Amino acid sequence: MRVLLLGGRGRLGGAIAARLAPPPAGVQVELLAPARHELALEPHAPDDAAARWFAQWRPDVVVNCIALGDVDQCETEPALAMQLNAALPAALARACERKGTRLIHFSTDFVFDGALRRPYREDDAPRPLSAYGESKLAGERAIARTACPHWIFRVSWLYGAPVRNLAADLLDPANAARIFRLATDRFGVPNPVQLLAAEVASCIARGRASGDSPPASGTFHLSCHGATTWHAFALAFVREAIGAGRLAGERAPRIEAIEEASLGRPARRPAWSALDPSRYEHTFGRTMPGWEEAIQFAL
Ligand SMILES: NC(=O)c1ccc[n+]([C@@H]2O[C@H](COP(=O)([O-])OP(=O)(O)OC[C@H]3O[C@@H](n4cnc5c(N)ncnc54)[C@H](OP(=O)(O)O)[C@@H]3O)[C@@H](O)[C@H]2O)c1
């Protein structure tokens, strides 16, 4: 099975690449993870790019981790956000539809406004507060309008990649003397990329298993259980990292509480955006851990 991984140098994409090469026992995967320069994506011409990629790599499965994921950048560059987060997945879905190729795509908890104050289910009404959320929702809807076999996994609050995430910053010896000021009034679910990558690998295997029809196309909340704040997560992560010998107690950075509004960021974020993974668990026959238990996957 030829798996074309797009965005394989990103946080989640990097973890998926590591998980699939070498492939887990019993999964026959040829991983194709072209670098950005090999993709040569012109954001304004996604159909050309998709056609070229399909001709060059002839994938059986496309895993799309390309995104403009910087929420504040999306607010200041909404056209680019729409190109990468909506038009590109739409073009991939059209190409997948033509070839009967499965598309695995990722979306976000930021499609919700946070007003419900309980973990969101897939059929809860989305109402994005930001250009990022708008563009990701447009991408989901464009894929769903095609007949390509697809799984859209909404994920939230990623950590565990080597760089560009809170856990990596907390572990970085260069930050030993730094004070981390983190919000106590915004709730969501932190998810280690290693765990999500293992789940994606198992879904890919499931999609090709003989004698077992793969779950139907749809949107699924791929997330740990529970809800917390970045402040409470950081305290728990540092405690676990010290326990696991990944961080010396005397070198642990200081963590202070602040309110989200004091950060003065361009994009609005939902104040409560935990995702309920029940449909994913039920459909794919998996069990997701609580967010605290899952910290071990990143240590
Ligand atoms: N991070 C989070 O907390 C979070 C939360 C919810 C949902 N998500 C979703 O999860 C998915 C993965 O997110 P992530 O945080 O892993 O993303 P990421 O680290 O920002 O990675 C994005 C990838 O897209 C690639 N890319 C961006 N622009 C490109 C272009 N013009 N041409 C080619 N490649 C381009 C990047 O390439 P380079 O490596 O070369 O830059 C990178 O590999 C996304 O769909 C995101 O919306 C993320």
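An oxygen atom of the ligand lies 3.4 Å from a polar backbone atom of Gly 7, a polar contact in the sense of a pair of N or O atoms within 3.5 Å. The model is a predicted one, in which local features need pLDDT of at least 70, side-chain atom pairs count only at pLDDT 80 or more, and totals for chains, interfaces and linings use all residues. Residues are numbered from 1 along each chain as its sequence is written, and side-chain values use heavy atoms, with hydrogens and water left out.

The shell around the ligand holds 21 residues, each with a heavy atom within 4 Å of it. Those that come nearest are Arg 11, Leu 12, Tyr 132, Lys 136 and Leu 158. By class, the shell comprises 11 nonpolar, 5 polar and 5 charged residues, where Asp, Glu, Lys and Arg count as charged, Ala, Val, Leu, Ile, Met, Phe, Trp, Tyr, Cys and Pro as nonpolar, and the others, Gly among them, as polar.

Which elements give two or more residues to this shell? They are α1 (11–20), β4 (102–108) and α6 (131–145), and β4 gives the most, with 3 residues. Helices (H or I, at least four residues) and strands (E, at least two) are DSSP runs numbered from the N terminus.

Helix α6 also packs with helix α5 (residues 78–99), at an angle of about 15° and with the axes 8 Å apart; the axes are lines fitted to C-alpha atoms over the stretch in contact, and angles run from 0 to 180 degrees between N-to-C directions. Therefore α5 is roughly parallel to α6, a term for angles under 35 degrees.

The loops contain several backbone features of note. Most residues other than glycine have a negative phi, and most peptide bonds are trans. The peptide bond from Ala 21 to Pro 22, however, is cis, with omega near 0°, and Pro 22 is in the loop between α1 and β2 (30–32). Arg 117, in the loop between β4 and α6, has a positive phi near 65°. Trp 157 likewise has a positive phi, of about 40°, and is placed in the loop between β5 (150–155) and β6 (158–159).

Note on methods:
Polar contact = N/O pair within 3.5 Å; in protein donor to acceptor, adjacent residues only side chain to side chain. Parallel < 35°, antiparallel > 145°, perpendicular 65-115°, else oblique.
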